[in-house]
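I opened the notebook for a first pass through this chain.

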Amino acid sequence: MNKGFQLFPEQASTLAAQVDYLYFFLIAVSLFFSVLIFFLIYVFAVRYRRKSEQEVPEQIPGLLKLEILWSVIPFLLCMVVFVWGATLYFDTYSPPKDALEYYVVGKQWMWHIQHPTGQREINELHVPTGQPIKLTMATEDVIHSFYIPAFRVKRDVVPGRYTSMWFEATKPGEYHLFCAEYCGTKHSQMRGRVVVMEPADYQNWLSGGVANEPLEVIGEKKFRQLACHTCHVDKPDARGPSLVGVFGEPVRLQNGQTVTVDETYIRESILNPNAKIAAGYRPVMPTFKGQIDEVGLLQITAYIKSLTKE
Ligand code: CUA
């Protein structure tokens with residue numbers, strides 16, 4: 001942060017250098033052809049200029065070799081960019097299995113962040129180096145975009161659904177965090193900082209903070225507060241389906257379809273319970289719209305995720 005004039009932000013994640021290499025390659029190709037074309041325009045203008053008043057230009061028939069050459073070279077170049085770009089895109093969008101999951105909620109005009117261990121932060125994100133981190137993101141109001149230039153990651157946060165992104169920080173330090181989608185009058189103030197620490201320092205930071213309960217414990221409290229546990233009991237004749245061990249598993253619906261229980265399905269089932277009813281149950285669950293915000297939804301989701309079969 002604040003290192004005077006810099007053309008590029010620091011490279012502080014595992015993907016940053018790779019994104020930059022691709023970017024440099026695109027610039028190099030564009031520069032090469034721009035210079036070549038300007039040079040040839042100049043050479044041709046001089047060489048093939050009209051030399052006398054009576055001169056009639058000679059007709060030039062097509063030249064197959066040349067046609068093939070200037071079709072194949074751009075095609076190959078485009079394929080290189082496509083394969084390279086697509087590979088990098090997949091890397092950027094598929095978090096590793098061992099990624100720690102953090103939750104981010106955007107709100108006019110701040111970022112609300114929850115650690116898996118329960119710590120909560122506003123406009124600050126503390127992370128350890130060498131640990132892949134997945135952010136699951138939601139918004140309370142309009143579209144925002146979570147952007148950390150030094151990590152070369154940016155993802156829109158869209159109302160009504162979850163988006164996610166991941167990164168692995170490599171260098172301890174402080175980096176900018178921006179909202180990169182115009183979201184109202186104070187959009188420009190919706191920014192913060194990412195603090196990257198050595199794993200040991202991060203552990204210290206975690207334990208030094210306010211004694212927080214893990215996310216799933218907070219979620220369980222909310223679950224009881226809203227009386228979800230009166231119907232969702234782990235018994236065969238309960239009014240609602242058991243939630244033990246359901247996360248990540250397929251569930252059969254009344255209409256015969258099957259869906260996988262993920263963050264999006266849980267969110268929808270809380271806000272709009274009648275949309276997808278599990279087979280064998282009646283549509284008796286009321287909506288909890290207005291009684292729970294995005295932060296609460298993520299806490300309950302964390303709780304449901306933690307309910308694994310022994
Ligand atoms: Cu949030 Cu711009």
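**Domains.** Domain bounds here come from an automatic or database domain assignment. The model is a predicted one, and I kept that in mind throughout. I looked up the division first. The chain splits into domain 1, residues 100-208, and domain 2, residues 215-306. I then looked up the spacing: 26 Å separates the C-alpha centres of domain 1 and domain 2. Domain 1 puts 18 residues into the contact, and domain 2 puts in 15 residues.

**Overall build.** How many helices and strands are there in the chain? I found six helices and twelve strands. Next I checked the extent. Along the principal axes, the C-alpha atoms fill a box of roughly 100 × 50 × 40 Å. The radius of gyration is 27 Å, whereas a compact globule of 310 residues would come near 19 Å.

**Surface and contacts.** I noted an accessible surface of about 19,000 Å² for the chain. Carbon and sulfur atoms hold 60% of that surface. Of the 310 residues, 35% are buried. I also looked at contacts with a separation of 6 or more. Residues 24 or more positions apart make 66% of them.

**The sheet.** I moved on to an open sheet of five strands. Its order reads β3-β2-β1-β5-β8, with mixed pairing.

Strand β5 covers residues 133-139 and runs antiparallel to β8. Five bridges join the two strands. I picked out a bridge on Met137: its partner in β8 is Thr163. As a reminder to myself, strands of a sheet pair through backbone hydrogen bonds, either parallel or antiparallel.

**Val19.** My last stop was a single residue. Val19 belongs to helix α1, which spans residues 16-47. Is Val19 buried, partly exposed or exposed? Its relative accessible area is 25%, so I logged Val19 as partly exposed. The cut-off for buried is under 20%, and exposed means over 50%.

I then asked what Val19 touches, leaving out residues up to four places away in sequence. The contacts are Leu88 and Arg152. I also looked up Phe151, which lies 132 residues from Val19 along the chain. The C-alpha atoms of Val19 and Phe151 are 9.5 Å apart.

How values were computed. Residues numbered from 1 in each chain as written. Predicted model: local features only at pLDDT ≥ 70, side-chain atom pairs only at ≥ 80, totals over all residues. Heavy atoms only, no water. Pairing = 2+ DSSP bridges. Helix = DSSP H or I, 4+ residues; strand = E, 2+ residues; numbered from the N terminus. Rg over C-alpha atoms; globule rule 2.2 N^0.38 Å. Buried < 20%, exposed > 50% of the residue type's maximum accessible area, 1.4 Å probe, protein only. Contact = heavy atoms within 4.5 Å. Areas by Shrake-Rupley, 256 points an atom, 1.4 Å probe, with all protein chains shown as cover.
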